Amino acid sequence: MTTPACTLPAQPTAARPSYPSFSSYVRARGPVLMRAARSLTDPNDAEDLLQTALTKTFVAWDRIEDHRALDGYVRRALLNTRTSQWRKRKVDEFVCDELPEPDPVPAPDPAELQGLRDAMWRAIMRLPPRQRAMVVLRYYEDLSEAQTAEVMEVSVGTVKSAVSRALVKLREDEELAPALFG
């Protein structure tokens with residue numbers, strides 16, 4: 001008479017997936033694990049990341065006692081591997097004789113700037129008084145929409161729509177168009 005050395009409690013197969021081999025686990029769970037790898041890095045590096053994590057899992061396959069927790073083990077290996085790659089990233093430094101400086105941007109002509117300011121004020125003065133006041137409060141006085149609404153004693157929505165209409169009029173202003181859009 002033989003006695004069983006070890007017996008497992010009877011559980012439905014669906015509740016306890018069985019992976020007799022590493023390759024059957026990878027075939028069954030590969031797409032899910034690839035999605036997890038893609039969520040950690042760009043698609044080009046995801047395959048390499050998953051391959052490295054699966055290599056670590058294969059090395060530890062015999063030590064993993066609960067094969068129901070394999071997904072968690074592989075996900076942790078993915079995360080740890082990605083963290084290690086990020087920490088080890090190489091920063092290239094090149095020695096050069098001269099520091100690369102960007103070409104200096106020529107300073108705008110003060111007369112042109114003054115002309116643009118004058119054209120802007122003339123365009124603002126052509127706006128209806130209420131829109132003009134809201135544009136000045138929002139963009140010249142740098143008040144928030146809520147603060148502008150409080151000063152003007154209107155709702156925030158009224159400020160938003162009035163300022164939006166005013167900006168459309170300023171964009172369409174014929175005096176400003178050549179100055180702003182060349």
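Visitor: How many residues does the largest nonpolar core have?

Guide: This is a predicted model, in which local features need pLDDT of at least 70 and side-chain atom pairs count only at pLDDT 80 or more, while totals for chains, interfaces and linings use all residues. Residues are numbered from 1 along each chain as its sequence is written, and side-chain values use heavy atoms, with hydrogens and water left out. A nonpolar core is a set of buried Ala, Val, Leu, Ile, Met, Phe, Trp, Tyr and Cys residues joined through side-chain atoms within 4.5 Å, where buried means under 20% relative accessible area, exposed over 50% and partly exposed in between (1.4 Å probe, protein chains only). Tyr-25, Leu-33 and Leu-50 are among those with the most contacts inside the largest core, which has 17 residues.

Visitor: Which helix gives the most to this core?

Guide: Helices (H or I, at least four residues) and strands (E, at least two) are DSSP runs, numbered from the N terminus. At least two core residues come from each of α1 (22-40), α2 (43-59) and α3 (70-87). The greatest contribution, 6 residues, is that of α1.

Visitor: Is Asp-142 buried or exposed?

Guide: Asp-142 lies in the loop between α5 and α6 (145-152). Its phi is near 60°, a positive value in a residue other than glycine. With a relative accessible area of 64%, Asp-142 is exposed.

Visitor: What is the relative accessibility of Glu-153?

Guide: Glu-153 is found in the loop between α6 and α7 (156-172), and its phi is also positive, near 60°. Glu-153 counts as exposed because its relative accessibility is 72%.
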